[in-house]
Amino acid sequence: MDRPNNHNIQALSARWVLPITHPPMPEGVVVIEEGKISSVLERQQFAKNFPDKSWQDYGDAIILPGLINLHTHLDYSALQHFDSQSGLIPWISKLVAQASSWSANKWRDSALAGAKKIALSGTSCVADSSYKGTASWALAQLGLRGIVGLELFGLHTDSADSIWQNWLAKYNGLSHSDDSSLSQALHSGLVQLTVAPHAPYTVCPAIWQRAANWAYINKLPILAHVAESVEECSWIANSQVQVDQLLRQINPQHCLDSTLSWRGKGHSPISHLASHGLLNSQTIAAHTVHLTQRDIALLADNQVKVAHCPRSNARLRNGIAPIIELIEANIPLGFG
């Protein structure tokens, strides 16, 4: 097959090229044809294959594939230095209060600032949890790749249908955006939208099940925060005052009474989800800090993937995830 015209070929070189799937190559050349990497060659081989083409030399540098950030919240980038003292639940409460008055432009500016920062760090792909979906627009502006989970909230089983229909309306509205860059990114697959049930303490099993069914039909991952804090574990198993206060703040018209019959069974967040059939190979669980041996077995048995978030876990004083045990259990994980 004839090669494309040299005008469609780009060649990048540096002191080192790290293909990741192959050993490091000193002074290698990355060949890009029609916008896609076609090969990684030694300089001598490149000169032989492309005698009329030169490479762009980045000198004493390293060329490697873009990094993947498996758990981001680009929408809230403007608050990255906000409240470094509180634990998770009070921090979320203050975060919600801060962002509740933001204009549409403020949300966009915040998400775009975060997207620019990750691009400058060498990250080219993210899995983002976004309440408004603004992260998808920000990724599209910079040509970054990502899966953006539109966050889903809802505690009451009797409201499951209406809450799910509201989520679908938001998803459909974003999917048919009139923004040309986002529309193009979604059409090309550079950016994908999916569902992100926030956490076991903010989403009841009936609503989570609708999300899981939808993701299964559409062959998409499910993004969720799971077993992140001691407070979450206590609330799922029995009760926890700070979590109750947060839930009343988020949704003041709903009461936290016996209608939440799905909690208070003594389960961990993992065993709670498993008991309702809500763990599967499409689940990407962020944090998973507080796990029992049985929890780890359930994650492995259900082929759940894990996004390990050490900086967030440390900043919000949630503890240290049992990474060694997860690796030994052959649970796929990445950094977020």
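**Labels and cut-offs**

Modeller: Three strands make an open sheet in the order β3-β2-β7, with mixed pairing. β3 (25-26) and β7 (62-63) are its edges: each has a single partner strand, so one side of each lacks a neighbour in the sheet. This is a predicted model, where local features need pLDDT of at least 70, side-chain atom pairs count only at pLDDT 80 or more, and totals for chains, interfaces and linings use all residues. Residues are numbered from 1 along each chain as its sequence is written, and side-chain values use heavy atoms, without hydrogens and water.

Colleague: What makes β2 and β7 a pair?
Modeller: Pairing takes at least two DSSP bridges between the strands. β2 (residues 16-17) and β7 have two bridges, in the parallel sense, and in β7 the bridge partner of W16 is I62.

Colleague: Why is L64 called partly exposed?
Modeller: Buried is under 20% relative accessible area, exposed is over 50%, and partly exposed lies in between (1.4 Å probe, protein chains only). L64 has 43%, so partly exposed is the label. L64 sits in the loop between β7 and β8 (67-72).

Colleague: How do you know that the span of α7 agrees with its length?
Modeller: The expected span is 1.5 Å times one less than the number of residues. For the 14 residues of α7 (residues 205-218) that gives 20 Å, and the end C-alpha atoms are 20 Å apart, so the two agree.

Colleague: Which residues of α7 are buried?
Modeller: Among them are W208 and W214. Their helix's buried residues are covered by elements including β10 (145-152) and α5 (160-175).

Notes: Helices (H or I, at least four residues) and strands (E, at least two) are DSSP runs, numbered from the N terminus. Contact means heavy atoms within 4.5 Å.
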